[in-house]
There are 2 protein chains.
Amino acid sequence: MTMNRRSLIGAAGLALGAPALQMAQAAEGAAPAAAPPTAKAPPPPVTKILAEFIRSSTYDGLPENVRREGVRTFLNWVGVAIGGSHHETLDIAVSALKPFSGPPQAGLFGRTERFDIMNAAFLNGVSSHIFDFDDTHLKTIIHPAGPVASAILAYAEMHPVSGKDFLDALVVGIEVECRIGNMVYPNHYDAGWHITGTCGPFGAAAATAKLMGLDEEKTIFALGLAASQLVGLRESFGSMNKSFNPGRAASNGLFAAILAAKGFTSSEHMIEVRRGWAQTISTKQDWSQITDGLGSHYESALNTYKPFACGIVMHPTIDAAIQTRDEDHVKPEDIRSVDLKVHPLVLELTGKTAPKTGLEGKFSIYHAAAVAFVEGAGGEKQFSDRAVNDPRVVALRQKVHPVVTPGIDAAQVDMTVTLNDGRTLHRHIVHAVGSVEKPMTDAQLDAKFKDLADGVLPAAQAERVLRMCRDLPNLSNAADVTRAGVAGA
Amino acid sequence: MTMNRRSLIGAAGLALGAPALQMAQAAEGAAPAAAPPTAKAPPPPVTKILAEFIRSSTYDGLPENVRREGVRTFLNWVGVAIGGSHHETLDIAVSALKPFSGPPQAGLFGRTERFDIMNAAFLNGVSSHIFDFDDTHLKTIIHPAGPVASAILAYAEMHPVSGKDFLDALVVGIEVECRIGNMVYPNHYDAGWHITGTCGPFGAAAATAKLMGLDEEKTIFALGLAASQLVGLRESFGSMNKSFNPGRAASNGLFAAILAAKGFTSSEHMIEVRRGWAQTISTKQDWSQITDGLGSHYESALNTYKPFACGIVMHPTIDAAIQTRDEDHVKPEDIRSVDLKVHPLVLELTGKTAPKTGLEGKFSIYHAAAVAFVEGAGGEKQFSDRAVNDPRVVALRQKVHPVVTPGIDAAQVDMTVTLNDGRTLHRHIVHAVGSVEKPMTDAQLDAKFKDLADGVLPAAQAERVLRMCRDLPNLSNAADVTRAGVAGA
């Protein structure tokens, strides 16, 4: 029998208590490995540091802008969760999991079924990412709310949580998730990981641990068990498996916290040490992304929301077209040409000149500009088969001329509209609506919410849920949002 | 707003059906990444190749030695699952998960509680790894049975499965799991992954898909969803999180198959492509480990079982001592000295000269040799506080002299026993019992099983369960083994 040194140290032994077991297994971990130890300074104890942050955060201690952005994050997330709730992806997941669900502890937005909280967290998490229309932390491309909100909203149905405490936990979870993402981005994402799924369990576990009031050791163990359950590869993009990932991140984080709360142990240094999370899953570990400004600077305040139901690359053009239409009172039939100076990616990704379907419209800068002039919007309805085949839109899109131009950033566009009367109108978009610099207004978020709920919930119910989201800090029980947002409520 | 190219392509859009959604999301995946494409030949479609293997396997087509080893694997696994069933680790997990469990669909070995099949798969999987005494595929150090058997035994309680079909599925799952492990070992393990947890979901998903009779596409999707849910980091070693990993691998694989069976989609090439599993989680991908001899050579037939309840590094010494004791009729009080020529790792890992507790005894080559001479065994009872403090053992361990000797492999020992009458007895162990070359006999496995069940199940019940394991291919329903192995059955 040929065995390398690693294969020699397997068995711990029988009938050990937990501390004994830890010692026994530590010997296995102690085997020298192929890679020599580095000479670098040891990493700071970031697992413990995060646990302290989780425990010490309070609603009262959150800066006002962080609270406000937390509410906006929540509102946007509830909207997309409602919006996705009758997609085939969710229908399949609901029917697959129903026979295995525990007690009907928590509801699903837009639906009638109730599940145990872990399955409910999974399903609401899936629903909220189906359209890829949820919030984005642009520094890491993490979609932060899905894993966190899904977990703690389900938890709140079993254990009442005030709106303030809920918001605090939401902020804490997003902060942990995004800072861990910052620590390993971009290498981790470039390698092939779906970073929302890999960092999401930390956020879900952190937020749940916060609501449970776990002590420091149990919070650390919750993070360790979350680290052990990362989810998602980028190869899943293009299938239902993509929205699976934030859903599973939510239920995994919740699972971690539930076990840790009862005393299930993990490592005390799972994130930072040599064969822990960060060094195993990334070639980059910038520990300062965890420690710098923790508790004073908030990544969650940098969260952004998509105003348009398409790739971000077309957003500046749609924004410019809507501004020109509305502010300069331009009618589509008055337009002779629309000249766009764009970044190369725009044509690379959205260069379809003659789309036939709503989906193809999502990959056509020509359609996006035209429909924005005709309808003054870039929502779901503007990327329907109807809109793409509307004769006015078809006529106008042939007058759209994008030209790749050096000096134009991918987040920018330079638009010149020439009218039939010879006048020209010019707009240069540096920061499109939905960016950090030019965030969607509250009114725009409300409109997006209603648009997503349209066809899923009656308008009056959608309005009620929307108001509750806006009023989150004043709710006596955050779970009332779910109760108000299920079908037939 | 500064955005890199990856952050520009987020939103798909609303109200898409599944195929449309795939196209929309594909655009996100299509963004060029930091790493340039390699010039290497494209990998073979191993995801599809494995799915074909899974679907085509039959009990009748399995070689006789593969069937026999499958039965031994199962029997050993049931034994360790019973053995761990009342450890604190499992008590905590059972109590934490009970409030969320679905219908009482499946039992737990050695216990009275019943859980939905996904929680039951998790819990039996945890139980079976608590003592680190389960089976080992030495080429990868994967503990193969835990993730696979836990999943399909739970499944079999809901959907009756004949013993033959169960054994076929067990073999298929282990084969998929170990070949995927071979593909990425050792780099993947060296990086920090707990390979049983990362490859386990594939095994569980493959075996469950097999029992469900999924078509090729759904089998592929089950593998893709399993790939998305890898579990476990080596930093977990030394805590309950270690046995968590095979348990979660089992429930994750089952979760994957259950979703895929209803039409939940994933990638068709999740294992092999650039941002799929193997290239994301390992710097080594040897595709031939999947394809070579698939369906004719069986990794599952290389499975091994530990005879002694301690690290493998001490196994040759214990083996030599027991042989000398039993075959040369040596009594402990007749021994003047025990001279051992050993590999450096033996003293590095098990150099404790004066252990005080059973656990410390596991890290003492002195104790291991002594107790084997005194009691003729190396089981759980030989690593108890009682055994470590037995005066006869204490006296003898002071006569044990290990010396690091060049040329002695870590799997070997050279033992010379000098008796008080001046005689010397010599044994050179090249392959210790429990190795591939000198496997545990069926009788030894039976004895190990009974030892593990002792104190958990009444002897007659343990005997009954053991006989059922031995008779697995003739059982009309494999789940009868669980039903016979729960407490009070």
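Me: Which residues do ring pairs link into a cluster with A:F74?
Reply: This is a predicted model, in which local features need pLDDT of at least 70 and side-chain atom pairs count only at pLDDT 80 or more, while totals for chains, interfaces and linings use all residues. Residues are numbered from 1 along each chain as its sequence is written, chains are lettered from A and ligands numbered from 1 in the order in which they are written, and side-chain values use heavy atoms, without hydrogens and water. Rings of Phe, Tyr and Trp (its six-membered ring) pair if their centres lie within 6.5 Å; planes under 30 degrees apart count as stacked, over 60 as edge-to-face and the rest as tilted. The cluster joins A:F74 with A:W77, A:F109 and A:F166.

Me: What is the geometry of the pair A:F122 and A:F244?
Reply: The structure holds 19 aromatic pairs over all chains. In the pair of A:F122 and A:F244, the ring centres are 5.4 Å apart and the planes stand at 75 degrees, so the pair is edge-to-face.

Me: How many residues apart in sequence are the parts that A:F122 and A:F244 tie together?
Reply: Helices are DSSP runs (H or I, at least four residues), numbered from the N terminus. A:F122 lies in helix α5 (residues 117-129) of chain A and A:F244 in helix α11 (residues 241-261) of chain A, so the parts tied together are separated in sequence by 122 residues.

Me: Are A:F122 and A:F244 buried or exposed?
Reply: Buried means under 20% relative accessible area, exposed over 50%, and partly exposed in between (1.4 Å probe, protein chains only). By that criterion A:F122 and A:F244 are both buried.

Me: At what angle do the ring planes of A:F202 and A:W277 stand?
Reply: Both A:F202 and A:W277 are buried. Their ring centres are 4.9 Å apart, and the pair is edge-to-face because the planes stand at 85 degrees.

Me: Which ring lies under the charged end of A:K448?
Reply: A charge sits over a ring if NZ of Lys or CZ of Arg is within 6 Å of the ring centre and within 35 degrees of the ring normal. The charged end of A:K448 is 4.1 Å from the centre of the ring it sits over, that of A:F133.

Me: How many residues of α3(B) are buried?
Reply: Helix α3 of chain B covers residues 64-83 and reaches 29 Å from its first C-alpha to its last, close to the 28 Å expected at 1.5 Å a residue. That expected span is 1.5 Å times one less than the number of residues. The helix is mostly covered, with the buried count at 17 of its 20 residues.

Conventions:
Helices (H or I, at least four residues) and strands (E, at least two) are DSSP runs, numbered from the N terminus.
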